[in-house]
Every structure is written in C-alpha cells, then in structure tokens.
Amino acid sequence: MKLDIAYTSSAGGRKSNQDSVGFTKKSGGYCLAVADGVGGYSYGEYASKLTVQHLKELFVQQPVISQNNLRQHIERTADFMGEVVQKNPEFRSMRTTLAAVYLNQERIVTGYVGDSRIYIFRNSQVYFCSQDHSLVMEMVQRGELPLEQLRGHPKRNVITSSVGGGQPNHIDIETHEIPLESIDGLLLCSDGFWELLSEREMINLLTKTSSAGQWLQEMEQRVGNRQTGRSDNYTCLAARSFENNGTRGSGLPCI
C-alpha cells in the first residue's frame, strides 16, 4: 500500500511551537500522529514530541492495525509519560493532546485524546470526524450550544482529557475502526488548524487538488491568511491516494 502524505507545522502567532507531527511505516501499515502541547502548561512542546515519538516506536514494535492495539499503545504512551514525570518532577504539568491513525490496505483505526482532530472524507462528505474532549463539545452534546458556534467560543480551548501530567489512568481514549473503502482523504490536525478552516473548505480544496501536498498547501494558505498576532500554533498531516470501491458514506454535518 502506498500513501501520499504531506504535513506542516507552524508556531503561528506564538513565540514557540508546542505541536508535533510524525508518521512511520512498518509491515505494510502506517502510523500517523499529531499532538498539541496543551497551552498554558510548561513543557508542552516536550510532551507532544515525546508522545508522538513513543507512539511511533510502539507501532514499529507491534504494527497491528486494530482498535485494541492502538488503544494499548496510547495507554502505554500515557504510562510512559507518567514515568517521565515521576523521574522529573519539573515536568509534572506537561500535557498534550493526541490524534493517531493506524491504517493498512484493509482498514483505518483512529484513536484520540483531547481536541486535535481526525477527519476522513468520502464522496465529498465528512465520513468521520473525531469528537473533541473539550468543555464546549460537551456543551454541544448536551444541547446547550449549537455545533456551528463551537469555533471561536471563548471557552473552546478548555480540554477535558490529555496525555501527561502524571495521571495516565484519568484520560479518555476513543477508538474507531473504519473499512478502507472509497476514502478520498484523511486529515490529522491540531485545533489551531481546524478552528480557522471549515469542513466545507477542506472538502472543496480536496476535490480541486490531486495530491496531498497540493491539498495541504491550499488549506495552509487560507489558515495563514486568517491568522493574527495571537493565533495558536497549527499542525496538519494530510494523506490521500486510497483505493476507490464506490462505497458511499452517510456523511456528517459540516461546521
């Protein structure tokens, strides 16, 4: 299986970039990951880099494409982060989000903690979108806030789960398995990216481009144009070139 991958990561309007991105391939399968060191916590940059690197190492050791394997790898990564904190108390506040995908020619497995997102596009629709572990997403799920008002909400950056901080047993991990049928494109991105770009724009640019690099370039241009001097770091990994079997997804609403 060959996958067309492109990625970008930028400090945006901040002095440092606390996001990390990485991917690796083993035994015909891929591991893709994006992490965002939680803003306001010390050593966020270290937390995101360490998390992505450790997950990649676990995948190389055990490249099984399954929900159980990905969940175990995220849990073991969280445990590893906890051990780092125990040995280095100065790192006790470091935390990060994590969006991870394991995939091969048969299936895609997604796993995530926090508000870095995973998008899967099929037939010009959002076939899958991870649900943020955040205060405002909980408000949306309780019917207290329309989905359309999630972006830009004053409390949108308050996340309810993260990797790190010495509390590996308190994280929420959600995993999903999706057949690899007629997938047009895949995105993993931090909140600094998806907050400035609508799903409809992601889809429109996907249909107008022919490679992951072109798709990402078009999206990043729009994100960059909308940034201000106080804008967050942003990171995105784009992938495409999947087999098309003509299966149509039900689609999810665009924000």
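In this predicted model, five strands build an open sheet in the order β2-β3-β5-β6-β10, and their pairing is antiparallel. The edges are taken by β2 (19–26) and β10 (174–179), each of which has a single partner strand, so one side of each is left without a neighbour in the sheet. From one strand to the next, the twist averages 10 degrees.

**The sheet around β5**

Within this sheet, β2 and β3 pair in the antiparallel sense over 8 bridges, and G22 has A33 as its bridge partner in β3. Strand β3 (residues 29–36) is in turn joined to β5 by 5 bridges, again with the two strands running antiparallel, and here the bridge partner of A33 in β5 is A100. On its other pairing, β5 meets strand β6 (residues 107–113) in the antiparallel sense over 6 bridges, with Y112 of β6 as the bridge partner of A99; a hairpin through 3 residues joins β5 to β6.

| Strand pair | Sense | Bridges |
|---|---|---|
| β2 and β3 | antiparallel | 8 bridges |
| β3 and β5 | antiparallel | 5 bridges |
| β5 and β6 | antiparallel | 6 bridges |
| β11 and β12 | antiparallel | 4 bridges |

Strand β5 (residues 98–103) is mostly covered, with 6 of its 6 residues buried. L98, A100 and Y102 point one way from the strand while A99, V101 and L103 point the other way, and all of them are buried.

**Helices α1 and α2**

Helix α1 lies across β2, β3 and β5 and runs at about 10 degrees to β2, whereas α2 touches β5, β6 and β10, its direction making about 30 degrees with that of β6. The axes of α1 (residues 44–61) and α2 (residues 67–87) come within 9 Å and cross at roughly 135 degrees, which makes α1 oblique to α2. The crossing of α1 and α2 is right-handed. On the α1 side the contact is made by Y46, A47, L50, T51, H54, L55, L58, F59 and Q61, and on the α2 side by H73, I74, R76, T77, F80, M81 and V84. The residues of this contact divide into 10 nonpolar, 5 polar and 1 charged.

T51, which belongs to helix α1, is buried with a relative accessible area of 0%. Leaving aside residues up to four places away in sequence, T51 touches T77, M81, T96, L98 and V163; of these, T77 and M81 are also among the α2 residues of the helix contact, and L98 is one of the buried residues of β5. In helix α2 lies G82, which is likewise buried, with a relative accessible area of 8%. G82 and G165 are 83 residues apart in sequence, yet their C-alpha atoms are 6.9 Å apart in space.

Another open sheet is formed by 5 strands in the order β1-β12-β11-β7-β8, with antiparallel pairing. Here β1 (4–10) and β8 (125–129) stand at the edges with a single partner strand each, so one side of each is left without a neighbour in the sheet. The twist in this sheet averages 20 degrees from one strand to the next. Strands β11 (residues 185–189) and β12 (residues 234–240) run antiparallel and are joined by 4 bridges, and C189 stands opposite C236 in β12.

Helix α5 (residues 199–208) packs on this sheet, touching β7 (117–122), β8, β11 and β12, and its direction makes about 50 degrees with that of β7. Helix α6 (residues 212–226) lies across β1, β7, β11 and β12, running at about 150 degrees to β12. The buried residues of α5 are E199, M202, I203, L205 and L206, and what covers them includes β7, β8, β11, α4 (191–194), α6 and β12.

The axes of α5 and α6 come within 8 Å and cross at roughly 140 degrees, and the crossing is right-handed. The contact is made by E201, M202, L205 and L206 of α5 together with W215, E218, M219, R222 and R226 of α6, a set that divides into 5 nonpolar, no polar and 4 charged residues.

Note on methods
Residues numbered from 1 in each chain as written. Predicted model: local features only at pLDDT ≥ 70, side-chain atom pairs only at ≥ 80, totals over all residues. Heavy atoms only, no water. Axes fitted to C-alpha atoms, helices over the stretch in contact; angles between N-to-C directions. Parallel < 35°, antiparallel > 145°, perpendicular 65-115°, else oblique. Left-handed = near helix turned anticlockwise from the far one by under 90°. Contact = heavy atoms within 4.5 Å. Nonpolar A, V, L, I, M, F, W, Y, C, P; charged D, E, K, R; others polar. Buried < 20%, exposed > 50% of the residue type's maximum accessible area, 1.4 Å probe, protein only. Pairing = 2+ DSSP bridges.
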